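Dear colleague,

I am passing on the structure below, together with some notes on what turned up in it. Please read them with the coordinates open beside you.

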Amino acid sequence: MRKKVVVLGVVGLAVISLAVLLRMGPPSGEGDAASVRQGATGNRIAIAYLQGPIAEGRSYMSTTGTVTPRLVARYLEKLEADPSVRAAVIRIDSPGGSVAASQAIAGMIEEFSKPIVVSMGDIAASGGYYISAPADRIFAMPGTMTGSIGVITSVMDLHGLYEKLGIKDQIIKSGRHKDMYQRTLTPEERDLIQGLLDDAYEQFVTYVAVHRGLTVERVRELATGELFLGSRAVELGLVDAVGDLDDAVAAAAELAGVKSPTVYEVPPPIFVVDLWSLLGDVGALMDSLIMSPEERLLLRLRDDPLPELRY
């Protein structure tokens with residue numbers, strides 16, 4: 001009974017929130033290429049914020065708390081097409097995430113035709129560092145946590161969970177290793193997964209070496225998964241200088257040859273998709289109220305049984 005009341009409360013709150021948002025309409029200034037932060041127009045230096053773990057996904061909204069290739073593409077395509085934008089600053093605050101998504105985002109930054117500078121926030125580690133590497137210049141605060149060059153994954157053995165839920169798992173397969181991610185790994189299978197990680201690790205090391213002007217051997221020495229503070233990362237050559245967001249903007253203006261830049265921030269996501277994000281959050285909250293932790297874990301693993309390689 002109590003759970004039912006809570007669920008009804010959540011639904012009611014969602015309906016009220018939706019009505020309020022519809023009543024408010026889109027935020028002022030939305031639909032422009034960017035919202036003015038200071039000054040009016042002129043030679044623009046754009047600032048885009050990438051905050052949260054990196055993942056594949058359909059979302060191109062920063063409000064979902066995830067950095068996706070689609071979100072970054074949306075930002076960069078707008079800035080690329082805007083002739084008043086002379087350079088961009090990407091403010092990154094991310095612990096990393098999906099290998100493929102990190103590589104896709106780094107490729108977009110690498111191909112951006114205008115000067116692009118990275119300003120690191122609290123953390124730009126692993127995948128967060130990977131997507132920073134191709135920037136023309138990288139700034140970090142003295143206390144920024146960065147580096148963590150390496151690859152990780154995990155494979156869950158579900159037998160204990162199945163036993164707890166009273167489920168008998170019967171697997172019919174073609175392909176000797178097809179079920180390897182749903183049970184205890186054999187030594188041979190552990191070696192297979194280790195091979196995947198080693199290949200992704202070498203891709204990470206090589207990418208950093210190419211874009212930071214370091215030798216592969218030197219990057220490999222640093223690529224232990226260790227975190228470095230920003231001041232130490234400068235000494236190691238992983239970051240160009242210690243500096244804040246204003247320093248990054250000044251560097252971007254210098255690279256673009258702009259003497260009196262107008263600085264502005266890329267606007268937040270469009271209104272309608274914000275609503276979809278909100279509804280998605282409500283759905284996840286309802287799942288957490290209706291299902292037990294074991295049932296939620298089982299559902300997630302059933303829908304996505306393969307392990308994810310993460311930078």
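The buried residues of helix 2 pack against strand 2 (44-51), strand 3 (85-94), helix 3 (99-111), strand 4 (116-125) and strand 9 (262-265), where contact means heavy atoms within 4.5 Å and buried means under 20% relative accessible area, with exposed over 50% and partly exposed in between (1.4 Å probe, protein chains only). This is a predicted model, in which local features need pLDDT of at least 70 and side-chain atom pairs count only at pLDDT 80 or more, while totals for chains, interfaces and linings use all residues. Residues are numbered from 1 along each chain as its sequence is written, and side-chain values use heavy atoms, with hydrogens and water left out. Helices (H or I, at least four residues) and strands (E, at least two) are DSSP runs, numbered from the N terminus.

The buried residues of helix 2 are P69, L71, V72, A73, R74, Y75, L76 and L79. Helix 2 itself covers residues 69-81, and its 13 residues reach 18 Å from the first C-alpha to the last, close to the 18 Å expected at 1.5 Å a residue (that is, 1.5 Å times one less than the number of residues).

Helix 3 also packs with helix 6 (residues 187-212), at an angle of about 15° and with the axes 13 Å apart; the axes are lines fitted to C-alpha atoms over the stretch in contact, and angles run from 0 to 180 degrees between N-to-C directions. Helix 3 is therefore roughly parallel to helix 6, a term for angles under 35 degrees, as against over 145 for roughly antiparallel, 65 to 115 for roughly perpendicular and oblique for the rest. On the helix 3 side, Q103, A106, G107 and E110 meet Q203, Y207 and H211 of helix 6.

S126, in the loop between strand 4 and helix 4 (127-130), has a positive phi of about 55° although it is not a glycine, and it is buried at 6% relative accessibility. S148, in the loop between strand 6 (145-147) and helix 5 (159-165), likewise has a positive phi of about 55°, and S148 is buried with a relative accessible area of 17%. S148 touches A125, S126, G225, E226 and L227, not counting residues up to four places away in sequence.

Best regards
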